[in-house]
Amino acid sequence: MSVKQGKEGVNIVHQNAILCETIKKEQQYQKLYTNYSVNPFKKMYTLTGKPNSTHDSADGEEDSNFLKIIERAQQEPVKKYDQPQTEAQEVGWMTEPLSDTDRNNTILHFPRKNSEITKHCAAMWRVKEQTENMQ
């Protein structure tokens with residue numbers, strides 16, 4: 001008869017080694033930030049002070065770093081970054097045309113040409129649409 005080899009009890013030494021390795025990896029890539037500021041991507045609602053209060057109307061100091069962060073957060077991604085940051089941004093990243101548009105060049109410009117037949121068909125369609133709308 002074959003005997004099934006089941007799991008033995010939990011090996012505490014192995015579990016502790018796995019835990020130590022996990023903690024070591026987490027600490028290796030952990031960054032400690034001590035410079036705190038306002039999240040520029042969160043909407044801020046400011047409240048105005050009382051009109052007759054003297055301490056609310058006093059001019060305060062402007063934080064130039066804070067103003068730069070808020071200004072940068074409100075810019076378009078094309079102005080913020082040199083290259084697109086996501087795959088979706090690659091679609092509309094280059095908005096300038098690759099070549100100058102020349103209306104006289106018939107290779108890239110196809111103007112609508114009218115002849116007597118096309119004018120007649122256009123008038124016929126116009127009459128047809130007007131009669132359908134009248135009913």
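Q: What should the 17 residues of helix 1 span at 1.5 Å a residue?

A: The expected span of a helix is 1.5 Å times one less than its number of residues. Helix 1 (residues 12–28) should span 24 Å, and its end C-alpha atoms are 24 Å apart, which agrees. This is a predicted model: local features need pLDDT of at least 70, side-chain atom pairs count only at pLDDT 80 or more, and totals for chains, interfaces and linings use all residues. Residues are numbered from 1 along each chain as its sequence is written, and side-chain values use heavy atoms, with hydrogens and water left out.

Q: How many helices and strands does the protein chain have?

A: Helices (H or I, at least four residues) and strands (E, at least two) are DSSP runs, numbered from the N terminus. The protein chain has 5 helices and 0 strands.

Q: Which residues line the largest pocket?

A: Rolling a probe the size of a water molecule over the atoms shows where empty space is left. On a 1 Å grid over the protein atoms alone, a pocket is an open set of points where a 1.4 Å probe fits, with protein on both sides within 12 Å along at least five of seven lines; lining residues have an atom within 4 Å of a point. Here the lining consists of Asn39, Pro40, Phe41, Lys42, Lys43, Met44, Ile70, Ala73 and Gln74. The largest pocket holds about 150 Å³ of space.

Q: How many disulfides does the structure hold?

A: A disulfide is a pair of cysteine sulfur atoms within 2.5 Å. The structure holds 0 disulfides.

Terms used:
Points joined across faces, edges and corners; volume = space filled by probe spheres on them.
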